[in-house]
Number of protein chains: 2
Amino acid sequence: MGTDTATGTEAADSVRSNSAQPEAGTSNTGPSTTGKSTADHLRAALDGPWREVREQARRQLVDDRLFGDPYLDYRQARARVLEQMRLIAEFGYAEKGFSLEHGGTGDPGGAVTGLEMLAYTDLSLWVKAGVQWGLFGGAVENLGTDRHTDVVKRLLSLDLLGCFAMTESGHGSDVANLETTATYDPATGEFVVHSPTASARKDYIGGAAEHARMAAVFAQLITGGESKGVHCFLVPIRDEEGNDLPGVTTSDCGLKGGLPGVDNGRIEFDHVRIPRENLLNRYADVDADGTYRSDIENPSRRFFTTLGTLVRGRVSVGGAAAAGARVALSIALRYGDKRRQFSDPDDGSETLLLDYRSHQRRLFPHVARAFALSFAQNDLVRRMHLVQTGQNLDPEAQRALEKRAAGLKVAQTRHATRSIQECRECCGGAGYLTENRLVTLKADTDVFTTFEGDNVVLTQLVAKELLTAYSDEVRDLDALGWVKFAATMARDVVRETSGVRQLIQRLRDRSDDGVDEGDLARRSVQLQLFADREDYLTRTAAHRLRARAEETGPFEAFNNAQDHILAAGEAHIDRLVLEAFIEGIADIEDPEARALADTVCDLFVYSTIEQNQAWYIMHRFMSVDRAKSVRRGVNELVDRLRPESATLVEALGVPEAMLRAAMLDDASVHQGA
Amino acid sequence: MGTDTATGTEAADSVRSNSAQPEAGTSNTGPSTTGKSTADHLRAALDGPWREVREQARRQLVDDRLFGDPYLDYRQARARVLEQMRLIAEFGYAEKGFSLEHGGTGDPGGAVTGLEMLAYTDLSLWVKAGVQWGLFGGAVENLGTDRHTDVVKRLLSLDLLGCFAMTESGHGSDVANLETTATYDPATGEFVVHSPTASARKDYIGGAAEHARMAAVFAQLITGGESKGVHCFLVPIRDEEGNDLPGVTTSDCGLKGGLPGVDNGRIEFDHVRIPRENLLNRYADVDADGTYRSDIENPSRRFFTTLGTLVRGRVSVGGAAAAGARVALSIALRYGDKRRQFSDPDDGSETLLLDYRSHQRRLFPHVARAFALSFAQNDLVRRMHLVQTGQNLDPEAQRALEKRAAGLKVAQTRHATRSIQECRECCGGAGYLTENRLVTLKADTDVFTTFEGDNVVLTQLVAKELLTAYSDEVRDLDALGWVKFAATMARDVVRETSGVRQLIQRLRDRSDDGVDEGDLARRSVQLQLFADREDYLTRTAAHRLRARAEETGPFEAFNNAQDHILAAGEAHIDRLVLEAFIEGIADIEDPEARALADTVCDLFVYSTIEQNQAWYIMHRFMSVDRAKSVRRGVNELVDRLRPESATLVEALGVPEAMLRAAMLDDASVHQGA
């Protein structure tokens with residue numbers, strides 16, 4: 001942690017008092033509006049394309065029955081969540097995620113957005129709903145065919161409760177190497193589902209401990225003695241009384257760090273027979289005689305196509321994590337604006353926590369990131385919606401969507417873990433009481449960095465995609481050619497492959513100044529700094545991998561460069577988020593709301609650069625003086641946002657009635673001495 | 001996050017393959033010993049002066065009855081912890097903390113160390129024991145006199161359960177401004193204890209919800225219409241049946257983020273009368289006629305003397321936090337050394353998590369810090385023991401002890417919060433299951449950053465002490481004089497006041513080289529870098545405060561420089577910890593154990609510098625090239641420690657029988673495909 005040591009002249013020349021965004025082509029002047037309506041405008045912008053869905057949820061979900069009761073034991077909590085699911089089903093939250101033919105309304109973006117709002121009430125409910133309709137339902141909807149329509153209808157209405165049995169005890173992240181087998185027996189026309197080893201046991205499966213009657217099981221398909229890779233099968237696991245079916249052994253994962261309402265469990269299969277038709281056969285099928293057929297010839301592509309249809313899970317996890325963080329930040333900002341501690345020696349009055357510089361610095365950068373991620377998530381959901389409602393599955397678009405979903409899942413879940421923890425600590429002892437929700441939010445979201453793809457593994461996935469842009473181009477270059485290429489072409493390749501759009505491209509085109517000279521308050525310069533970090537890290541990671549691979553073999557080369565690769569992935573994600581923020585602001589018409597969003601965006605940029613200032617200096621992208629001005633800029637920006645904290649809370653969009661932290665209601669504790 | 005971009009030459013010139021410590025005057029050669037005995041030697045060093053107490057605890061505390069049962073509801077958990085307390089009392093863990101005259105054995109260092117070991121079993125039990133014997137008992141023991149001997153005897157045997165009622169709803173950190181009053185009534189010879197406002201309610205008080213019969217209440221003493229400041233009073237709050245006594249209203253804080261076995265509650269007083277003798281009157285008393293007497297004339301000094309006797313609480317919290325982190329790190333290291341994921345492309349075998357560079361980088365720096373903090377804690381406990389068993393209370397030594405205790409409380413609780421979180425994430429889904437303990441350790445220790453002094457407030461306290469060294473010297477200098485002073489004298493003042501001892505001073509004297517030229521693997525250079533950061537930050541913070549105070553008034557000046565001040569405090573704490581680590585290593589005689597400890601110390605130094613590398617570069621204490629070599633050094637050090645992970649776990653000193661994470665027993669999940 002660095003500290004600026006300037007003593008007298010604090011006025012940062014690098015942050016303008018009015019950080020308009022002239023590059024975007026609109027003026028920042030206009031009639032002043034009231035504080036409330038600024039918040040309304042901002043909230044509408046953060047709500048994104050499905051703002052009607054959000055508004056409806058804000059009205060519907062204040063129902064007390066939808067909020068978790070931390071005093072229930074875990075069995076009671078599970079039962080309660082199941083009741084809540086039925087209420088949510090009645091409200092119609094599930095239908096949007098399914099096609100018209102299957103009884104849905106065909107609005108995947110609305111489905112993800114609507115369910116995300118459950119994060120404001122009870123994250124156990126959100127997970128349970130996500131398992132039933134998103135993962136289990138999504139598998140049947142997207143990997144199944146007409147012959148599975150009835151299953152979709154039953155799971156939609158909760159007539160059939162399901163679970164999503166992918167992860168195994170021995171294989172969390174490495175799905176391609178799952179051990180469970182589904183061996184076709186042409187004599188009976190059945191698949192035999194089996195767990196050949198203890199590590200093949202399905203593990204951590206939401207719904208498997210108690211409620212699920214059927215599992216979507218990922219297993220190696222074997223026919224004619226030959227393995228065809230991982231496919232998905234519908235396997236009944238319990239009868240109507242909840243007893244394990246023959247050959248199925250379920251068990252209970254028991255208590256977890258949070259999410260008490262979710263019944264995670266384990267499943268082992270001992271030669272369980274299912275009809276041939278229980279293979280979800282959209283991309284591959286087995287004939288009665290055992291002949292394997294698939295339109296996708298390449299097994300690896302088939303595998304990734306199968307997994308790719310499940311992208312909605314990652315999109316959803318990121319969204320829910322960020323929603324949880326918005327609740328926590330809203331609570332902590334509100335508390336910091338009420339709670340006083342220690343007297344101001346100047347006038348003897350007790351000082352509001354949020355008036356302390358350190359408190360501002362602890363919270364506002366997280367708030368800025370929350371704004372940034374809201375815009376990024378809206379953009380992601382829109383892309384997902386377009387891909388999933390399009391007529392043809394475009395593999396390129398699909399792959400780009402997956403990379404973006406993986407990256408934003410990482411960014412949002414990490415943001416949740418860090419910011420909620422900071423909120424807890426910022427609220428002191430009160431923050432530790434369950435009645436103030438922060439500890440529950442922390443505990444419930446904690447596993448989000450792990451499930452639906454471990455964050456480290458996903459960051460590597462993102463980085464690998466970036467590096468792929470090089471390998472096609474450079475595979476055949478010799479060493480000298482590589483160096484030349486790296487020096488001249490790299491930046492363009494990265495930019496091209498990351499799908500930069502018009503506004504962003506225009507901004508970038510304006511950054512003709514050397515960055516060292518450019519005004520840091522200009523979006524074009526900010527973008528350039530983010531892009532420089534990404535480009536440089538990606539280029540040098542590729543270079544390093546290549547140089548090493550020849551010396552030491554691929555694993556050593558990879559492992560040696562692993563933190564470098566991860567840094568490249570993170571830099572890419574930061575840039576995507578910044579671009580989404582900038583584009584989001586461009587759509588705000590109200591001048592006051594827009595100016596405030598601009599300030600928040602500046603803080604996102606400055607605090608992100610500050611976190612990476614060592615890198616910028618060490619790689620000569622930033623002078624020491626400029627780095628110091630970044631630090632002063634953060635201070636100035638948190639100062640400027642301080643009086644807007646109530647507006648920012650309103651804009652974050654968690655309604656008063658959904659905050660539900662006892663310390664915000666209890667006026668008594670805020671009376672000073 | 002920065003990333004080194006070197007491609008080919010990874011050999012870091014800055015870390016020697018044998019990082020001996022020639023400055024300490026012993027040779028690093030000697031007969032090779034077995035891995036087990038290296039661990040034994042290291043563990044003995046980490047165990048510190050009270051290693052016999054620790055060894056005994058390792059034998060005694062494996063009792064199943066002492067481990068928490070996460071399936072109990074909070075009322076059952078509270079009852080169970082009370083039973084555990086009786087067992088601990090039978091084992092004799094309480095007596096050490098009390099003087100011979102009061103039925104104890106007069107071994108405060110042993111008391112803190114013995115109770116710390118409870119962190120290996122159940123942190124609720126540790127807190128409950130700490131409240132009863134450390135806080136409540138410590139208040140009576142240290143603030144009371146002969147007339148309270150009977151109370152000590154009863155609380156020791158658990159015949160009397162007490163609580164420590166300092167914090168109020170409106171006043172957590174600001175103890176001087178507590179609102180509860182104790183007004184002396186000479187007509188009856190009683191104090192009238194009263195909560196005049198809602199914010200005067202005692203809050204978060206461990207034991208107040210259910211079990212405590214008596215409270216040590218901190219209140220403003222008023223006699224003859226005059227307030228004499230905060231004093232401590234014994235107030236009975238419940239009868240033997242557990243009913244609130246007249247005028248007392250207790251309530252329950254309910255569920256918290258963790259520590260379910262601790263019954264935190266609230267107390268309000270409505271003109272509750274207690275005998276005059278219930279004032280704990282070691283430092284001040286009230287005569288029957290209401291005359292106030294104290295040997296300490298200065299009210300501020302009296303207040304700090306009163307609080308100062310409670311330093312043991314902070315010492316204990318830091319120790320327990322670090323102990324919890326050792327459990328988590330041991331579990332995560334062991335798991336990382338068993339769990340495999342993804343195939344090594346070189347030979348097809350699945351790779352152990354701990355063989356991944358990123359995994360090593362996530363865990364080993366925390367392990368290094370755990371070692372450092374163990375030595376620092378032992379040093380702190382020894383100092384506390386000396387101060388508390390000395391014949392005369394030396395105000396200077398007391399004050400230095402308080403500063404050190406505050407600083408190490410911050411360092412250790414922050415370390416616990418961060419490292420346990422990292423351990424959880426490093427163990428993926430398994431880490432989220434309660435049966436693997438990490439989530440419970442995280443939840444239970446989470447409030448440690450807040451209680452017994454909020455970390456931000458304590459860091460400021462440490463920094464303020466540092467700055468005080470200046471104010472005495474510079475109070476009367478004019479601006480020019482100040483600047484001169486700051487430029488020339490500052491470093492020496494800081495060093496002198498921080499009590500540098502001989503070994504450290506000798507090491508420092510050797511660092512004649514400019515730091516830029518010095519060998520980073522030399523302890524003298526490392527110390528210099530840590531001291532440079534502290535000195536510079538402290539000097540410039542003082543300068544900035546002073547410059548600003550004249551312009552804007554003291555609060556604005558303070559607030560503007562707050563993050564600068566906090567950074568100075570953190571730098572000071574880092575240096576204290578490094579010095580303790582170096583001194584601890586000097587006492588290790590076994591050459592292999594010593595060499596391993598040296599490597600761990602190097603990693604502590606390199607990773608701490610890496611975290612602060614932006615600061616070092618920006619303030620010209622480190623060149624960019626050197627900063628890059630630090631990064632390579634961290635990589636090389638984690639590589640070197642990788643094969644020692646089992647030895648390091650043994651050295652951390654949590655016995656196998658106390659790890660109790662199901663995933664470490666279950667061999668099945670570690671069979672690869």
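Visitor: How many residues does the contact take from chain B and from chain A?
Guide: It takes 111 residues from chain B and 111 residues from chain A, with contact meaning heavy atoms within 4.5 Å. This is a predicted model, where local features need pLDDT of at least 70, side-chain atom pairs count only at pLDDT 80 or more, and totals for chains, interfaces and linings use all residues. Residues are numbered from 1 along each chain as its sequence is written, chains are lettered from A and ligands numbered from 1 in the order written, and side-chain values use heavy atoms, leaving out hydrogens and water.

Visitor: OK, how many salt bridges across the interface of chain B and chain A?
Guide: The rule finds eight, counting a side-chain nitrogen of Lys or Arg within 4 Å of a carboxyl oxygen of Asp or Glu. One of them joins Arg266(A) and Glu435(B), at 3.4 Å, N to O.

Visitor: Switching to rings: how many aromatic pairs over all chains?
Guide: The count is 34. Rings of Phe, Tyr and Trp (its six-membered ring) pair if their centres lie within 6.5 Å; planes under 30 degrees apart are stacked, over 60 edge-to-face, the rest tilted. Phe191(B) and Phe233(B) pair edge-to-face, 4.9 Å centre to centre with 65° between the planes.

Visitor: Why does the pair of Phe191(B) and Phe233(B) tie together parts apart in sequence?
Guide: Because Phe191(B) lies in strand S3 (residues 190-194) of chain B and Phe233(B) in strand S6 (residues 226-236) of chain B, the pair links parts 42 residues apart in sequence. Strands here are DSSP runs (E, at least two residues), numbered from the N terminus.

Methods. Helix = DSSP H or I, 4+ residues; strand = E, 2+ residues; numbered from the N terminus.
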